[in-house]
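Colleague: I am new to this structure. Could you take me through a few of its features?

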Amino acid sequence: MLEGLNLSHNTLNGSIPPSFQGMISLSLLDVSYNKLEGPVPHINFLEEAPIEWFVHNKKLCGTVRALPPCDLTQKGGQGKKFKTILLGIASAAGISIVFTVALVARQCKKKRYGEQRENGVTDTKVFSVWNFEGGDACKQIFEATKYFNETHCIVTGGNGSVYRTLLPTGEIFAVKKIHMMEYDEIIF
């Protein structure tokens, strides 16, 4: 037979119990200045209740005129959850795309490297400082020009002859063989 209940300024938290719906003689319910949240029980007299009875709480909702309906408050929570799930899916998709692109690029590089090896062509430079071996280079030049056969000669001048050389690595060189009186010298 309770007619009025003032629970304001008590630092209450949680939600208002739905059992208040059974209090049919209740005509005043002040729960202001607490930390209450969630739905206010559906009691007829609360539909027209003043907002002062509910102010300074966390997130109350319900059929009270001055409060937002609970379905909108709950949808906001679901919207946040949806955004979190969507962000997770988008992140996973982005990482998958980056991984796939890296994998495809690696496979293309491997394929290109494999084709070069099959053709006997590699990216190494025979005359680079790091892998220069004079004896091996000279041997390749002698073999490529068939020991300076005239069929590989481009031009002959007063000091020597120039030969076109195609190495097994695919590199093309012009090699000049200088004619000297005592011996022949090769200049690259």
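Predicted model: local features only at pLDDT ≥ 70, side-chain atom pairs only at ≥ 80, totals over all residues.

Colleague: How many disulfides does a search of the whole structure find, and which residues are joined?

Modeller: A disulfide is a covalent bond between the sulfur atoms of two cysteines. The cut-off for a pair of sulfur atoms is 2.5 Å, and Cys-61 and Cys-70 have theirs 2.2 Å apart. The search of the whole structure finds one disulfide, and the residues joined are Cys-61 and Cys-70.

Colleague: What is the handedness of the disulfide of Cys-61 and Cys-70?

Modeller: The torsion about the S-S bond is the value to look at here, and for Cys-61 and Cys-70 that torsion is about 95 degrees. The disulfide is therefore right-handed.

Colleague: Is Cys-70 buried or exposed?

Modeller: Buried means under 20% relative accessible area. Cys-61, the partner in the disulfide, has 3% relative accessibility and counts as buried. Cys-108, at 49%, is partly exposed. Cys-70 has a relative accessible area of 15%, so Cys-70 is buried.

Colleague: What is the arrangement of the aromatic pair formed by Phe-142 and Tyr-147?

Modeller: The count comes to four aromatic pairs. In the pair of Phe-142 and Tyr-147, the rings lie 5.7 Å centre to centre, with 20 degrees between the planes. Planes under 30 degrees apart count as stacked, so the pair of Phe-142 and Tyr-147 is stacked.

Colleague: Which parts of the chain does the pair of Phe-148 and Tyr-163 tie together?

Modeller: Phe-148 and Tyr-163 form an edge-to-face pair, 4.9 Å centre to centre and with 70 degrees between the planes. Both Phe-148 and Tyr-163 are buried. The pair ties together parts that are 15 residues apart in sequence, because Phe-148 lies in the loop between helix H2 (134-144) and strand S6 (153-156), and Tyr-163 lies in strand S7.

Colleague: Where does Thr-165 lie, and is this residue buried or exposed?

Modeller: Thr-165 lies in strand S7, which spans residues 160-166. Leaving out residues up to four places away in sequence, Thr-165 touches Ile-141, Ala-144, Thr-145, Glu-171, Ile-172, Phe-173 and Val-175. Its relative accessibility is 0%, so Thr-165 counts as buried.

Colleague: How far apart are the end C-alpha atoms over residues 85-105?

Modeller: The UniProt annotation "transmembrane region", from an unreviewed entry, covers residues 85-105. In the model the chain is 100% helix and 0% strand over residues 85-105. The end C-alpha atoms there are apart by 30 Å.

Methods: Residues numbered from 1 in each chain as written. Heavy atoms only, no water. Helix = DSSP H or I, 4+ residues; strand = E, 2+ residues; numbered from the N terminus. Buried < 20%, exposed > 50% of the residue type's maximum accessible area, 1.4 Å probe, protein only. Contact = heavy atoms within 4.5 Å. Phe/Tyr/Trp six-rings, centres within 6.5 Å; stacked < 30°, edge-to-face > 60°. UniProt positions renumbered as here; feature names shortened; annotations may be inferred.
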